[in-house]
Amino acid sequence: MKEQICRAFCDEIRVREVPAGLAIGTAFRRADGDAIGFYVIKSSLESNLARLEDDGTTIPYLEAAGVDFDTQTRQKALTTVLEEYGAQYDRDEAVIRTPDMPEHEIARASIGFAALLLRLSDFLLLSQEHVESAFKDDAKKRIMEAIGTRAKIEEDAVVNDHLNEVKPDLVIRAPNRDPVAIFLAQSAQRVNDAIFLQMAALYESRDALSVIALLESDSSITSKLRQRASNRLSALPVYRHDEGQAVQRIVREAVGAEGLLH
């Protein structure tokens, strides 16, 4: 088994000669599907020193995907990760590199350098989680402020015992009105959850319920799913670039048009 595991790892490593040294390809991939690779750069023909460098796209790719390394927290985190693996980031050339080292140390250092590039890809996941949290937190705050004391708002709670298979992000219960379940949707999954709840209320439990999926943006779901949701849900407002009106659409459904006058 040991030989099989070693072979599996080695078979996935691709090494080819390039003018500056060697190009190393790995089996690991970042979020855009590109394989993680790097270079062994020889310092000179006369010396036995070399260093490791990425292809100059690691940090620019993360920044283009929304990771802000200008914040103090991200700067510190980036510096910590680079120092852990003995590497530096050259902002002028946008290249991550190690110091020169004897060539016989390159093989072992390559393992750590590949691990470094994988660790850096995690910044994208953290950024996506932050964006998701920011949308939900902002939307919840605006909805709660707009509703005020005119209705009771429950977070992450089931509508009732009969409709307990999915949890909306918010349930708004106003006096003398049907409850309204709000799904804060950045993806198809939450919109499908909203449709499921609406259909279950209509045809299974027979409960009076309005279900709204608040889309973060126009691109949150496909046009096909958007059409399906529009035909089944009480409302499908879009939040980004028209936040106020999107929230008011929810207010009208939850407390009625007269609630807009308060």
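Of the 27 residues in the largest nonpolar core, the ones that touch the most other members are Ile59, Leu62, Ile96, Phe113, Leu116 and Leu120. A nonpolar core here is a set of buried Ala, Val, Leu, Ile, Met, Phe, Trp, Tyr and Cys residues joined through side-chain atoms within 4.5 Å, and buried stands for under 20% relative accessible area, with exposed over 50% and partly exposed in between (1.4 Å probe, protein chains only). All of this comes from a predicted model, where local features need pLDDT of at least 70, side-chain atom pairs count only at pLDDT 80 or more, and totals for chains, interfaces and linings use all residues. Residues are numbered from 1 along each chain as its sequence is written, and side-chain values use heavy atoms, with hydrogens and water left out.

At least two residues of this core come from each of strand S3 (35-42), strand S4 (49-53), helix H2 (58-64), helix H3 (72-84) and helix H4 (106-147). Helices (H or I, at least four residues) and strands (E, at least two) are DSSP runs, numbered from the N terminus. As for Leu62, setting aside neighbours within four places in sequence, its contacts (heavy atoms within 4.5 Å) are Val67, Phe69, Leu120, Ser121, Phe123 and Leu124. There is also a second, separate core of 23 residues, and Val171, Phe183, Leu209 and Leu236 are among them.

Then there is an open sheet of 4 strands, with mixed pairing and the order S8-S9-S10-S11. Its edge strands, S8 (152-155) and S11 (210-215), each pair on one side only; two strands count as paired if DSSP finds at least two bridges between them. On average, neighbouring strands of the sheet are turned by 20° against each other, direction ignored. Axes are lines fitted to C-alpha atoms, for helices over the stretch in contact, and angles run from 0 to 180 degrees between N-to-C directions. S9 (residues 170-173) and S10 (residues 180-185) run antiparallel and are joined by 3 bridges, with Leu170 opposite Ile182 in S10.

Helix H5 (residues 188-203) packs on this sheet, touching S10 and S11, and its direction makes about 160° with that of S10. Helix H7 (residues 243-255) lies across S9, S10 and S11, at about 175° to S11. The buried residues of H7 are Ala246, Val247, Ile250, Val251, Glu253, Ala254 and Val255. They cover an arc of only 165° around the axis, so they sit on the same side of H7; the arc is that of the directions from the helix axis to the C-beta atoms.
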